[in-house]
Amino acid sequence: MAKYLISRIIRGIVSIAVVVAIIMVMIYGLMDRTLVFASDGTYTKMTNNSKVTYRYSKWEEYGYLDYVPYSDYMQELADSGEIDEETRASAVSIGRTEDKDSELVSEYVAQFTEYYESQGYTVVRLDAVLQGTKKVASGGTQQLFAYRNIPLGKRLLSYFGSIFVIDNVNNVEDIEGERGLTFTWYDPVYGGEKFSPALIGNGTTHKYLVYFDNQFPYFHQNILTIHLGTSYVVNTGVDVFTTMTASQGSYVKSNITYPTGLTESSADDLHTATYVSGSMSSSTTLEARYTDNYTSVQTVKNGMSKMGYSFVIGIIAVIISYGLGIPLGITMARRKDKLVDQIGTVYIIFILAVPSLAYIFLFKAIGGKIGLPTTFDLDSSNKLMYILPIISLALPSIANLMKWLRRYMIDQMTSDYVKFARSGGLSEQEIFTGHVLKNASIPIIHDIPYSVLSALIGAIITERVYSVPGAGNLLTDAINKYDNSVIVGVAMFYAILTVASIIIGDVLMSVVDPRISFSSKNR
């Protein structure tokens with residue numbers, strides 16, 4: 001069994017890598033990359049060469065390519081000591097056209113071109129453009145740049161290499177004070193008087209590496225964090241995993257004691273503080289609250305996370321599905337061709353034949369007519385808004401369970417071992433409970449882990465129709481807005497849960513039926 005699990009996990013990891021690679025090929029290789037600017041108001045207002053340089057800088061941000069402006073190259077030479085600041089300032093100001101360059105500029109432009117072309121980059125120079133009767137500048141020193149498309153292999157290695165990040169005291173470069181970790185029994189967030197152990201870092205990305213609060217699971221850590229990619233549109237600047245797990249809704253304020261000793265009513269969660277370079281010198285508001293550059297904090301809100309909403313709706317739908325689907329499937333099989341079987345068959349055909357989008361809108365219309373909420377409201381405490389999404393998710397699952405359990409049981413009841421059991425004098429009830437039901441339920445049991453884990457990723461269509469702020473709705477939102485990182489990150493999360501559910505299902509199936517073994521034996 002252990003050998004099988006190791007083999008299955010390895011194959012699962014390979015499968016996940018293949019899925020992510022295919023998605024990256026589709027996004028970065030087959031999709032028109034200019035679509036990422038479809039909803040970019042800044043881009044649409046730009047003209048001429050400024051638009052070009054903005055486009056390439058954004059493509060670098062989105063992970064399409066490496067982009068190196070000539071000005072950055074000159075700054076690197078100055079930082080490394082190869083040239084002085086005066087030379088950099090003189091050589092960085094290139095002319096409107098190539099023939100307008102000074103000898104010094106021409107020398108370093110040629111050096112820039114030769115170096116980056118040897119590295120496989122394409123060097124682009126945008127001369128001033130003529131607009132009407134006057135020349136329009138092309139963006140200063142940004143008018144000369146080099147770019148190179150990022151190969152798929154490099155992109156994959158970079159993505160998988162940054163999924164799990166371990167925080168350490170060398171993560172921040174320009175840290176003030178001595179680097180290190182401090183353990184305290186009295187968390188400063190609570191004014192330093194409440195007993196609450198915490199591990200605080202200096203030089204780490206997160207200030208609080210270990211802490212306790214009143215939110216489940218009460219113990220929290222930031223030493224190991226998961227990164228699935230940074231969102232650029234859906235939730236700008238925030239990691240996909242954080243987007244899925246952060247609370248939503250209205251702010252929940254309480255009396256907060258900031259590091260400077262200032263106490264005020266705020267929704268800031270100081271335990272989530274991360275380092276922001278130079279933040280203290282840029283804001284008097286931050287200076288009044290913080291004593292260091294750990295100033296970026298998340299806020300406390302009254303709603304669940306996207307995964308939370310998806311899981312609550314999904315798990316209730318799973319419970320209802322198995323609670324109704326299994327007994328109905330058993331009843332149909334035991335009363336084959338009777339009225340209850342015929343009614344159940346009609347229901348199965350209707351649910352499976354009608355497109356899911358059609359009956360979801362049908363249920364939404366019916367629910368609206370009888371007064372049920374048809375859209376989600378994060379600030380509402382009305383639990384009735386859960387009903388329609390749960391019903392829409394449960395009904396097709398009930399139909400599938402009824403169909404397959406009925407089929408498996410009928411196949412078992414016509415098997416030779418059942419006929420042999422009857423001839424041996426066993427009653428129909430003994431045959432049914434001891435043999436038929438047990439054997440027929442094995443495939444159903446295998447699917448339980450998938451049903452439960454899939455609740456974490458939500459139902460894409462259902463959440464979209466009912467405006468559920470869940471993980472499923474996040475994917476469609478990212479696709480509509482061409483947010484590549486979110487698409488890849490959510491798909492990656494889907495793939496991990498799918499592989500995990502298959503492995504758990506295999507283990508559960510072998511536990512239920514000891515006859516099933518995944519170990520190979522020589523005969």
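Which residues does threonine 225 touch, not counting residues up to four places away in sequence? Select threonine 225 and display its surroundings: the residues touched are Ile163, Phe164, Val165 and His206, where contact means heavy atoms within 4.5 Å.

The model in the viewer is predicted, so local features need pLDDT of at least 70 and side-chain atom pairs count only at pLDDT 80 or more, while totals for chains, interfaces and linings use all residues. Residues are numbered from 1 along each chain as its sequence is written, and side-chain values use heavy atoms, with hydrogens and water left out.

**Stop 1: threonine 225**

Remain at threonine 225, which belongs to strand β11 (residues 224-226). Helices (H or I, at least four residues) and strands (E, at least two) are DSSP runs, numbered from the N terminus. With a relative accessible area of 13%, threonine 225 is buried; buried means under 20% relative accessible area, exposed over 50%, and partly exposed in between (1.4 Å probe, protein chains only). Next, show the side chain of histidine 227, which makes a polar contact of 3.2 Å with the side chain of threonine 225. A polar contact is a pair of N or O atoms within 3.5 Å; within protein, one must be able to donate a hydrogen and the other to accept it, and residues adjacent in sequence count only if both atoms are side-chain atoms.

**Stop 2: aspartate 66**

Select aspartate 66 in strand β1 (residues 65-69). The side chain of aspartate 66 is joined to that of lysine 154 by a polar contact of 3.5 Å. Setting aside residues up to four places away in sequence, aspartate 66 touches several residues, among them Glu60, Tyr121 and Arg148.

**Stop 3: two helix pairs**

Two packed helices are described by the angle between their axes and the distance between the axes. Axes are lines fitted to C-alpha atoms, for helices over the stretch in contact, and angles run from 0 to 180 degrees between N-to-C directions.

Colour helix α12 (residues 356-369) and helix α13 (residues 387-413), which pack at about 140 degrees with their axes 10 Å apart. The two helices α12 and α13 are therefore oblique to each other; angles under 35 degrees count as roughly parallel, over 145 as roughly antiparallel, 65 to 115 as roughly perpendicular and the rest as oblique. Tyr359, Ile360, Phe363, Lys364 and Gly367 in α12 meet Leu388, Ser392, Leu395 and Pro396 in α13.

**Stop 4: arginine 334**

Move to arginine 334 in helix α10 (residues 306-334), which counts as partly exposed at 41% relative accessibility. Leaving aside neighbours within four places in sequence, arginine 334 is in contact with Gln429 and Phe432. From C-alpha to C-alpha, arginine 334 and isoleucine 460 are 36 Å apart.

**Stop 5: two loop residues**

Most residues other than glycine have a negative phi. Select tyrosine 218, in the loop between β9 (208-212) and β10 (219-221): the phi of tyrosine 218 is positive, near 75 degrees. Finally, select serine 467, in the loop between α17 (460-465) and α18 (471-480), where phi is also positive, near 55 degrees.
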